[in-house]
Amino acid sequence: ARGAAPGRDLAGRHVVISAGGTREPLDPVRFLGNRSSGRQGYALARTAVARGARVTLVAANTALPDPAGADVVPVGTAVQLREAVLKAAEDADAVVMAAAVADFRPARYAQGKIKKREGQEPEPVVLVRNPDVLAELSAARPRPGQVVVGFAAETDDVLANGRAKLARKGCDLLVVNEVGEDKTFGAEENEAVVLGADGSETPVPHGPKEALADTVWDAVVHMLNAG
Ligand code: CTP
Ligand code: CA
């Protein structure tokens with residue numbers, strides 16, 4: 001039951017978690033990045049280990065201690081994250097995309113450091129789309145019955161945006177949280193709603209990221225055992 005000690009209900013399962021935020025290089029010293037700390041993904045990894053899973057944690061630019069018992073695969077860019085997640089997903093029972101993946105990357109990488117020049121305006125930065133790992137995984141399902149989970153930070157009509165995103169991505173579960181100043185990014189605590197493709201809606205009250213993580217695993221275990 002929810003709230004009770006979950007026990008080792010992920011024993012024999014392999015779960016893949018992406019965490020952190022990708023960085024898209026402009027030149028050897030500069031990148032486009034985001035504010036994701038990786039804390040929610042690491043909480044997912046720790047709780048999955050505690051529940052008996054084999055855990056692969058694809059970590060993008062995090063500065064957190066490796067969760068004991070998890071295989072950590074460090075990555076930098078969205079393209080690298082895609083490679084690592086798709087490879088680990090081949091034999092995974094569940095994939096949870098907690099990472100903040102850059103939607104765009106600079107079209108051009110300068111091999112040498114970009115320099116300013118006297119009397120000259122800077123070049124505009126041209127961006128191109130990155131692959132959508134969550135949508136790709138949801139469509140491909142490398143393993144039958146695999147459960148795919150996304151995360152979304154939304155503003156304005158958070159639930160409506162979340163529902164639309166869940167449908168667009170084609171994943172099984174979408175964890176939606178509201179962002180605003182001082183909310184979520186880098187915080188120790190989190191408040192969210194877990195939306196299911198079956199129409200279910202599970203609110204998770206403000207609390208530690210481990211509590212949200214355990215609610216996600218409850219839903220994943222439920223789907224794995226039903227499927
Ligand atoms: N995601 C992904 N690959 C991308 C972008 C996002 O796998 N290139 C995943 C994230 O890891 C997350 C989910 O998709 O689990 C939702 O990310 P979000 O940025 O909210 O979705 P987008 O489709 O990029 O929508 P938006 O335009 O609102 O940023
Ligand atoms: Ca995005």
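In this predicted model, helix α4 comprises 12 residues, 158–169, and at 1.5 Å a residue it should span 16 Å; its end C-alpha atoms are 16 Å apart, in agreement with that expectation. Three residues of α4 are named as buried, Gly-162, Leu-166 and Lys-169. Viewed down the helix axis, the buried residues of α4 fall within an arc of 80 degrees, so they line one face of the helix.

Just after α4, Gly-170 adopts a positive phi of about 80 degrees.

The largest nonpolar core contains 59 residues, of which Val-15, Ile-17, Leu-81, Val-95, Val-96, Val-149 and Val-216 touch the most other members. Helix α5 (residues 209–226) gives the most to this core, contributing 7 residues. Leaving aside residues up to four places away in sequence, the contacts of Val-149 include Val-95, Val-96, Cys-171, Leu-173, Val-216 and Val-220.

The ligand site remains to be described. Around ligand 1 there are 13 residues, and Met-97, Val-101, Val-133, Leu-134 and Gly-150 come nearest. Both α3 and β9 supply at least two residues of this shell, with the largest share, 3 residues, coming from β9. By class, the shell has 8 nonpolar, 2 polar and 3 charged residues.

Note on methods. Residues are numbered from 1 along each chain as its sequence is written. Chains are lettered from A and ligands numbered from 1 in the order in which they are written. This is a predicted model: local features need pLDDT of at least 70, side-chain atom pairs count only at pLDDT 80 or more; totals for chains, interfaces and linings use all residues. Helices (H or I, at least four residues) and strands (E, at least two) are DSSP runs, numbered from the N terminus. The expected span of a helix is 1.5 Å times one less than its number of residues. A residue is buried if 20 or more other C-beta atoms lie within 10 Å of its own, exposed if 12 or fewer, and partly exposed in between; C-beta atoms are placed from the backbone. The arc is that of the directions from the helix axis to the C-beta atoms. A nonpolar core is a set of buried Ala, Val, Leu, Ile, Met, Phe, Trp, Tyr and Cys residues joined through C-beta atoms within 7 Å. Two residues are in contact if their C-beta atoms, placed from the backbone, lie within 7 Å. A residue is near a molecule or strand if its C-beta atom, placed from the backbone, lies within 6 Å of it. Ala, Val, Leu, Ile, Met, Phe, Trp, Tyr, Cys and Pro count as nonpolar, Asp, Glu, Lys and Arg as charged, and the others, Gly among them, as polar.
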